Amino acid sequence: MAINSLLKTDELDKAGKILKLLHRWVKPDALIIQDLSLLQLARQTGFSGKLHLSTLSNVSFASALKLVKSKFRVHRIVLPRELNIDEIKAMALDCPSGLDLELFIHGALCYGLSGRCYWSSYLGGKSGLRGRCVQPCRRVYAQNNQTKRFFSCRDLSLDVLVKVLKTIPRIRAWKIEGRKKGPHYVFYTVKAYRILRDHGSDPKMKKQALTLLSYALGRTGTHYNFLPQRPQNPVGIDIQTGSGLLVGKVKGTQQKPFLIPRDDLLPGDLLRLGYEDESWHGTQRVGKYIPKGGHFFLKTSSKTSPAKGTPVFLTDRREKSLEDMLSGLEKELNKKPVLKMTSEAFNVRLPKRSRTKATVSDLHVFRNPEKGKFRGLTGLWLQSQVKNKMPKGPGHRLWWWLPPVIWPEDEINFKELVNRVLKKGARNFVLNAPWQLAFFSTLKKLNLWAGPFCNITNPLAIKTLASLGFKGAIVSPELGRKDYVMLPKHSPLPLGIVISGNWPLCVSRIISEKLDTQKPLISPKGEEAWVKKFESDYWVYPNWKLDISAKQNQLEKAGYRLFVYLVEPIPKEVTLKNRPGLWNWNLDLL
């Protein structure tokens, strides 16, 4: 069962009741989770199944696996989609006994890294980390007189390459992404990969599997970074990235548009016209059989008539054989007795509030040293240039920030960087994934805080951090006023919050070859953004700041003690807009 959503404080009781019901009536083999509170809730509710860390947890480097195994009751980790085969092999070889790995092999690719995308939330309060993403990355953006889908990815499809995975130890499951997909997609993808798993060396069977995948009604496939010597950029601006099988383009007049399908259309087929950000976007059911090359007239109004050349996709199909299978399954289920389930009572046991008397402080975080001026609390992102140039001043006063994600190729480098600044007297660190604790051999005399990219939204998650040795936590900037005020009442650690600064829409490992960094991008609704590369990743920023500094007194009264200002270098061609940056302050985060 996937319960891999972030939980707000007032949702913990409901989540606990769900766990008790699952444990009593369903007894699932495992829960897929990202929120650290589920580790505590599983214990409090007596849930006895296994726990799997979702890809949203962003366990992205080898030494993190050993830390997870030693500190948590976790049985499996779902690896990030962005890893290549060499990185997967290295992590599998370092994976300790008793911990399994799971890997995505097919399905939709997000432009943003798993657990590091805030785009949908930033533009409208619908969080991708809570399963509510409205996919702003799929929209058209303009740059350099080009209007393209610079961030819309093709689907992951490892297809025949999955045979390599069978030889890798500790990989126990292949995962097919299926959010919002119908029975047709499930049937074809699962059948295809079963053939590739069991008969992958048979050329005829491989050909059959690839044919099945071509009819799965997903997007055009890509191997992504799986083969490091032959990487495929999933952002192909000249390739259709709409979901579904492209069956043709709109022809005819505005009054009588029609489609000449490339394949037979069956009664009940669901067609989608264009993309969601186009005014003529819509769906239409096929009422009768239309042969390949025939004419299918589209029902549209004069206001929403699609432009000539608009792509049309087949997004759902119920062939006779599939309908018969579903009908048979329904008959089987109807024979089962209906369970009379009683509701489960559950009240979460929240931790006691921290008694630590921390002073109220501002922390300004920079990419580069500010000419040696370190007054008060100053933060620096830990990056490669530290090897060559350490900032002047007392090292113990600096707060070193680790990046939101560390890849296997960067793991040794960051271990060396951490050790280097430790030798220079560093004592304060902000870790932007809990697993970055693996870079520290001892926590004695260190002041380690969980950073805002840890996505902390409730006191039980904070309790887990406290058990690991963290001294404080900077909460997720996604929350609203009510959630922020509620959090400190039961937080066992001092809390911080990002009060102002340049917060990214997302962090990604890829970029379109046709996109320039540090130049403005404009969406159809006039929102502007830019892309900047730091270390191995690309950060996408809006051209207005997060700014809830006017609420600082209210937050101080609630119990917050560390107020973070993120200061990013602004490209010369980008002008920041003076607009409210309240994010979800006045919203109830969805």
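A: Ring pairs join Tyr118, Tyr122, Trp381, Trp401, Phe453, Trp503, Trp530, Phe534, Trp539, Tyr541, Trp544 and Trp583 into a cluster. Rings of Phe, Tyr and Trp (its six-membered ring) pair if their centres lie within 6.5 Å; planes under 30 degrees apart count as stacked, over 60 as edge-to-face and the rest as tilted. The model is predicted, so local features need pLDDT of at least 70 and side-chain atom pairs count only at pLDDT 80 or more, while totals for chains, interfaces and linings use all residues. Residues are numbered from 1 along each chain as its sequence is written, and side-chain values use heavy atoms, with hydrogens and water left out.

Q: How many aromatic pairs does the structure hold?

A: The structure holds 26 aromatic pairs. In one of them, the rings of tryptophan 119 and tyrosine 141 have centres 6.0 Å apart and planes at 50°, so the pair is tilted.

Q: And are tryptophan 119 and tyrosine 141 buried or exposed?
A: Tryptophan 119 and tyrosine 141 are both buried. Buried means under 20% relative accessible area, exposed over 50%, and partly exposed in between (1.4 Å probe, protein chains only).

Q: What about phenylalanine 429 and phenylalanine 440, why is that pair edge-to-face?
A: Their ring centres are 4.9 Å apart and their planes stand at 70°, so the pair counts as edge-to-face. Phenylalanine 429 is buried because its relative accessibility is 0%, and phenylalanine 440 is buried at 8%.

Q: Changing topic, how many salt bridges are there?
A: The count comes to 22 salt bridges. A salt bridge is a side-chain nitrogen of Lys or Arg within 4 Å of a carboxyl oxygen of Asp or Glu.

Q: Which residue does aspartate 10 form a salt bridge with?
A: Aspartate 10 forms a salt bridge with lysine 482, and the closest N and O atoms are 3.2 Å apart. This pair links distant parts of the chain, 472 residues apart. Aspartate 10 is partly exposed at 40% relative accessibility, and lysine 482 is partly exposed at 39%.

Q: And how far apart are N and O in the salt bridge of aspartate 269 and arginine 317?
A: The side chains of aspartate 269 and arginine 317 meet at 2.6 Å, N to O. Aspartate 269 is buried at 0% relative accessibility, and arginine 317 is buried with a relative accessible area of 9%.

Q: Where do glutamate 332 and lysine 335 lie?
A: Both lie in helix H8, 3 residues apart, which is about one turn of the helix. Helices (H or I, at least four residues) and strands (E, at least two) are DSSP runs, numbered from the N terminus.
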